[in-house]
Amino acid sequence: MALPAIVVPKKLLKNKSALQGFFDNHQLERVNDAFCTVIGKVDVDIKLESEDKDRIRLSGTVSCELELVCQRCLNSFSYPLEIGMRTMLADEESMVNEKTRFDDWPILGDELNLLNLIQDEILLGLPTAPTCETACSENGIMSSNGEMQRSERNPFEVLRQLKKDINNT
């Protein structure tokens with residue numbers, strides 16, 4: 001089931017405490033602009049639990065497949081991403097009264113922008129320097145055991161040869 005971008009957590013908590021569904025890849029504009037592309041859909045499975053009257057615990061998983069660019073060989077590759085989410089939702093009144101912790105996510109009014117929350121989690125879950133391992137080993141950049149290939153040839157051999165040529169003339 002396609003998920004709505006905006007949800008009302010308190011209403012969801014009263015009706016059912018779980019939210020399962022997906023977002024289409026075209027909805028995740030911020031993720032698609034961040035040097036990667038979402039392939040297919042983003043599956044979301046979250047559970048809501050009441051922590052106290054001002055806060056709701058949100059936990060679950062977000063999974064998707066991304067197309068990233070390898071930082072070694074610059075080829076595109078598929079990267080499966082599964083993120084475990086765990087955060088607290090706090091209403092704006094409790095945020096103002098400083099009863100919150102640093103990891104609380106604000107609920108403005110009664111609504112939560114679920115799409116922004118999911119996009120933030122995906123962006124934070126991206127690898128710092130994505131590498132494709134298999135394509136790099138096929139291109140000779142990396143061996144199959146994950147170690148960088150070392151060239152047998154000395155890079156300064158050309159200079160040594162130039163020096164010999166100059167001395168011989």
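Q: What makes Arg160 partly exposed, rather than buried or exposed?
A: Arg160 has a relative accessible area of 42%. Buried means under 20% and exposed means over 50%, so Arg160 falls in between and is partly exposed. Bear in mind that this is a predicted model.

Q: Why do the side chains of Arg160 and Glu157 count as a salt bridge?
A: Their N to O distance is 3.0 Å. The cut-off is within 4 Å, between a side-chain nitrogen of Lys or Arg and a carboxyl oxygen of Asp or Glu, so this Arg and Glu pair qualifies. Both residues sit in helix α6 (residues 157–168), three residues apart, about one turn of the helix. Glu157, with a relative accessible area of 33%, is partly exposed.

Q: How do you know that Arg30 and Asp120 form a salt bridge?
A: Their closest N and O atoms are 2.1 Å apart, and the limit is 4 Å, so the pair passes.

Q: What makes that a link between distant parts of the chain?
A: Arg30 belongs to helix α2 (residues 29–32) and Asp120 to helix α4 (residues 114–125), and they are 90 residues apart. As for cover, Arg30 is partly exposed at 34% relative accessibility.

Q: Why do Lys47 and Glu49 get the salt bridge label too?
A: Here the N to O distance is 3.8 Å, and anything within 4 Å counts, so Lys47 and Glu49 make the list. Lys47 is partly exposed at 41% relative accessibility, and Glu49 is partly exposed at 32%. In all, a search of the whole structure turns up three salt bridges.

Q: Why is Arg57 called buried?
A: Its relative accessibility is 19%, and buried means under 20%, so Arg57 gets the label. Arg57 is in strand β4. Leaving out residues up to four places away in sequence, Arg57 touches Lys47, Leu48, Glu49, Glu51, Arg86, Thr87 and Met88.

Q: What makes the phi of Leu74 worth a look?
A: Leu74 has a positive phi of about 65° although it isn't a glycine. Most residues other than glycine have a negative phi. You'll find Leu74 in the loop between β4 (55–69) and β5 (76–91).

Q: Is Leu74 buried or exposed, and how do you know?
A: Its relative accessible area is 63%, and exposed means over 50%, so Leu74 is exposed.

Q: What lines the largest cavity, and how do its residues divide?
A: The lining is made up of Pro9, Lys10, Asp91, Ile107, Gly109 and Asp110. They divide into two nonpolar, one polar and three charged.

Q: How is the chain laid out, and how much of it is buried?
A: There are six helices and seven strands, and along the sequence they follow the pattern β-α-β-α-β-β-β-α-β-β-α-α-α. Of the 169 residues, 32% are buried. The chain exposes about 11,100 Å², with carbon and sulfur atoms supplying 50% of it.

Key: Residues numbered from 1 in each chain as written. Predicted model: local features only at pLDDT ≥ 70, side-chain atom pairs only at ≥ 80, totals over all residues. Heavy atoms only, no water. Helix = DSSP H or I, 4+ residues; strand = E, 2+ residues; numbered from the N terminus. Buried < 20%, exposed > 50% of the residue type's maximum accessible area, 1.4 Å probe, protein only. Areas by Shrake-Rupley, 256 points an atom, 1.4 Å probe, with all protein chains shown as cover. 1 Å grid on protein atoms, 1.4 Å probe; cavity = no way out; pocket = protein on both sides within 12 Å on 5 of 7 lines; lining within 4 Å. Nonpolar A, V, L, I, M, F, W, Y, C, P; charged D, E, K, R; others polar. Contact = heavy atoms within 4.5 Å.
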